Amino acid sequence: MMLDAVDALEIHILVDNTTDMLSTTPAGVTSEAMGLFSRGGQMMAGLCLCCAAHGLSCLITARKGDTERTVLFDTGPEEYAFERNVSRLGVDLGKVQSVVLSHGHWDHAGALLLALNAIRQRNGSKTVPFYGHPDMFHKRAATLPNGKYREMIDVPSVEQLTAAGAEVALYREPVSLLNDMFAVSGEIPRRTAFERGLPGQVRKNADGQWEKDEMLVDERWLGVKVKDKGLVIFSACSHAGIINVLHDARDRFPDIPIHAVFGGFHLSGANEAIIPETVEGLKQFGLKLIGAGHCTGWRAIAAMANVFGDKVLAPTAVGKRYVF
């Protein structure tokens, strides 16, 4: 897996669990409201606002010299939130050159087909490279306290993605894309004792039987190397554990410091029990920015704020833009 340094990186949060127009932000980070004003919006009104939804979608643009490459990383839980926010944020999907789905969960894949159609309406109907993992298409469910299963809606199939104009590429191993300006990990090794995946998740196997699926081996992280800063890592849900994710990134690129990490750390619900170990584990990486959001949960955000402060912790929210 190759990864060339880029001169600049911009991250625009299209879908997230929260909106936050009013909180102050550190240098290099702008809020939804600041973005509205920069686009010429003069009046505050509900018709200007984005909406929050349980999910994540990021537009990630890397620049190296005169070369610019853009990846759409996940699409949130459903079409309404994605379409509304893209429109109100003034985002041009026509510049998207690849779509990466982090893992096979509905809250990250709900607007995939709409997004592909929107990209192709603006790029001259060119096909769009799509990167995923072969195991993300299983039927999945959560185990309820009474032992029954609550099924999750499937992510779009390979056939549906292809019909929508995607060039589907499925990998278990790491892969570089777009002139080696982005890297997608392979399956993430599990090395910590406390990060145990998603308790109670099951999937249907080839025989149609439910089997344990708590490790979610289909989840992968996306990385970019920014000149004079280091690695910026995107981990959409961190079902592998955010500490395992960062260990894997450091193992693959041992000579490059990890500058920032973005995404959902899945420290809500049953995983609230591992907040102390996770916060302690984050200290070893010397992170300059932590963009935690989506499924991280307010308790974990509060714990990280107490340890790292607002010079490092800059939680994600709809419409936020980060520039490196």
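**Helix packing, cavities and cysteines in the predicted model**

In helix H8, which spans residues 298-308, the buried positions are Ala300, Met304 and Phe308. These residues cover an arc of only 45° around the axis, which places them on the same side of H8. The structure described here is a predicted model. On the other side of H8, Trp298 and Asn306 are exposed, whereas the buried residues of the helix pack against helix H7 (275-282) and strand S18 (289-293). Just after H8, Gly309 adopts a positive phi of about 75°.

Helix H7 shows a related pattern of burial. Its buried residues are Ile275, Thr278, Val279, Gly281 and Leu282, and, seen down the axis of H7, they fall within an arc of 160°, so they line one face of the helix. The partners of these buried residues are H6, S18 and H8.

Helix H6 (residues 242-252) is largely enclosed by the rest of the structure, because eight of its eleven residues are buried. The buried residues are Ile242, Ile243, Asn244, Val245, Leu246, His247, Asp248 and Ala249, and they pack against strand S16 (230-235), S17 and H7.

Gly230 is found in strand S16 and, at 5% relative accessibility, counts as buried. When residues up to four places away in sequence are not counted, Gly230 touches Val224, Lys225, Ile256, Pro257 and His259. Gly230 and Asp255 are separated by 25 residues in sequence, and their C-alpha atoms are 9.4 Å apart in space. His259 lies in strand S17, which comprises residues 258-264, and is likewise buried, with a relative accessible area of 13%.

The largest pocket has a volume of about 450 Å³, and of the 22 residues that line it, His54, Ala142, Met152, Leu198 and His266 are the closest to its centre. Helix H3 (106-109) and strand S8 (140-143) each supply at least two residues of this lining, which divides by class into nine nonpolar, eleven polar and two charged residues. The second largest pocket has a volume of about 350 Å³; of the 23 residues that line this second pocket, the closest to its centre are Asp20, Ile301, Pro315, Thr316 and Lys320. Strand S18 and helix H8 each contribute at least two residues to the lining of the second largest pocket, and S18 is also one of the elements against which the buried residues of H8 pack. By class, the lining of the second largest pocket has eight nonpolar, eleven polar and four charged residues.

Four cavities of 30 Å³ or more were counted. The largest cavity has a volume of about 70 Å³ and is lined by 14 residues, of which Ser238, Gly241, Phe265, Asn271 and Ile274 lie nearest its centre. The lining of the largest cavity comprises five nonpolar, seven polar and two charged residues.

The structure holds zero disulfides. For Cys50, the closest cysteine sulfur is that of Cys51, and at 7.2 Å it is too far for a bond.

Note on methods. Residues are numbered from 1 along each chain as its sequence is written. This is a predicted model: local features need pLDDT of at least 70, side-chain atom pairs count only at pLDDT 80 or more; totals for chains, interfaces and linings use all residues. Side-chain values use heavy atoms; hydrogens and water are left out. A disulfide is a pair of cysteine sulfur atoms within 2.5 Å. Buried means under 20% relative accessible area, exposed over 50%, partly exposed in between (1.4 Å probe, protein chains only). Helices (H or I, at least four residues) and strands (E, at least two) are DSSP runs, numbered from the N terminus. The arc is that of the directions from the helix axis to the C-beta atoms. Contact means heavy atoms within 4.5 Å. On a 1 Å grid over the protein atoms alone, a cavity is a set of points where a 1.4 Å probe fits but cannot get out, and a pocket is an open set with protein on both sides within 12 Å along at least five of seven lines; lining residues have an atom within 4 Å of a point. Grid points are joined across faces, edges and corners, and a volume is the space filled by probe spheres set on the points. Ala, Val, Leu, Ile, Met, Phe, Trp, Tyr, Cys and Pro count as nonpolar, Asp, Glu, Lys and Arg as charged, and the others, Gly among them, as polar.
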